[in-house]
Amino acid sequence: MEEVHDPWSDPKVAERILRSFRVWAVVGCSSNPRRASHGVSRYLVRSGYEVVPVNPNESEVHGLTAYRDLRSVPESPRSRIEVVDIFRRPDLVLPHVEEAIEIGAKAIWMQLNVWNQEAADLATHAGLLVVMNRCPAIDHPQMIGSA
């Protein structure tokens, strides 16, 4: 069976993002330990990344101030956000990608089972790196080494 190359789940792009960028906004970041976003954001923090939680229903995650959206992050951390990691349903992704472009992010990371072609195309055309349907907490130990 022939392997189909999927440019949106390219491990080389995922590794480039993990190696190149240190400041991650995690959209949908939850303080609930049962949520995947909680574990992934905790993994990123423990691996030395700076995490900015984004969730209108949270005030704090992992002792970090949470913001309702990317635009509400104060200028100093907002201007440093490089990766926007999205834990939202696919049909809710586009506004977050538009915000990521607006704040000058360098990459969009859509989590496992998050796939939005329109958002990926928009981000790519704006010059951002894009991965979809991947998880940094799975990729990081394999590509970089464990926390």
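Q: Why does Asn 113 count as exposed?
A: In this predicted model, Asn 113 has a relative accessibility of 67%. Exposed means over 50%, so Asn 113 counts as exposed. Asn 113 lies in the loop between β6 and α5 (117-125), and its phi is positive, about 70°, although it is not a glycine.

Q: Why does His 62 count as partly exposed?
A: The relative accessibility of His 62 is 29%. Buried requires under 20% and exposed requires over 50%, so His 62 falls in between and counts as partly exposed. His 62 lies in the loop between β3 (60-61) and β4 (64-65). Its phi is also positive, about 55°, although His 62 is not a glycine.

Q: What makes Arg 71 partly exposed?
A: Arg 71 has a relative accessible area of 42%. Because the class runs between 20% and 50%, Arg 71 is partly exposed. Arg 71 is found in the loop between β4 and α3 (75-80).

Q: With which residues is Arg 71 in contact, leaving aside its neighbours within four places in sequence?
A: Arg 71 is in contact with Arg 78, Glu 99 and Glu 102, where contact means heavy atoms within 4.5 Å.

Q: How many aromatic pairs does a search of the whole structure find?
A: The search finds two aromatic pairs.

Q: Why is the pair of Trp 24 and Tyr 49 called edge-to-face?
A: The ring centres are 5.7 Å apart, and a pair needs centres within 6.5 Å. The planes stand at 70°; over 60 degrees counts as edge-to-face, so this pair is edge-to-face.

Q: What makes this a link between distant parts of the chain?
A: Trp 24 is in strand β1 (residues 23-27), while Tyr 49 is in the loop between α2 (36-46) and β2 (50-54), and the two are 25 residues apart. Both Trp 24 and Tyr 49 are buried.

Q: Why is the pair of Trp 24 and Trp 109 called tilted?
A: The distance is 5.5 Å centre to centre, with 45° between the planes. Stacked needs under 30 degrees and edge-to-face over 60, so the pair of Trp 24 and Trp 109 is tilted. Trp 24 lies in strand β1 and Trp 109 in strand β6 (residues 107-110), so the pair ties together parts that are 85 residues apart in sequence. Trp 109 is buried, as is Trp 24.

Q: Which residues form one aromatic cluster?
A: The cluster is formed by Trp 24, Tyr 49 and Trp 109.

Q: How do you know that the charged end of Arg 22 sits over the ring of Tyr 49?
A: The charged end of Arg 22 is 3.9 Å from the centre of the Tyr 49 ring. The distance limit is 6 Å, and the charge must also lie within 35 degrees of the ring normal.

Q: Why are α4 and α5 called roughly parallel?
A: The axes of helix α4 (residues 94-103) and α5 come within 9 Å and cross at roughly 10°. Angles under 35 degrees count as roughly parallel, and α4 and α5 are therefore roughly parallel to each other.

Q: Which residues meet where α4 packs on α5?
A: Leu 94, Val 97, Glu 98 and Ile 101 of α4 meet Glu 118, Ala 119, Leu 122 and Ala 123 of α5. By class, this contact has six nonpolar, no polar and two charged residues.

How values were computed
Residues are numbered from 1 along each chain as its sequence is written. This is a predicted model: local features need pLDDT of at least 70, side-chain atom pairs count only at pLDDT 80 or more; totals for chains, interfaces and linings use all residues. Side-chain values use heavy atoms; hydrogens and water are left out. Rings of Phe, Tyr and Trp (its six-membered ring) pair if their centres lie within 6.5 Å; planes under 30 degrees apart count as stacked, over 60 as edge-to-face and the rest as tilted. Helices (H or I, at least four residues) and strands (E, at least two) are DSSP runs, numbered from the N terminus. Buried means under 20% relative accessible area, exposed over 50%, partly exposed in between (1.4 Å probe, protein chains only). Axes are lines fitted to C-alpha atoms, for helices over the stretch in contact, and angles run from 0 to 180 degrees between N-to-C directions. Angles under 35 degrees count as roughly parallel, over 145 as roughly antiparallel, 65 to 115 as roughly perpendicular and the rest as oblique. Ala, Val, Leu, Ile, Met, Phe, Trp, Tyr, Cys and Pro count as nonpolar, Asp, Glu, Lys and Arg as charged, and the others, Gly among them, as polar.
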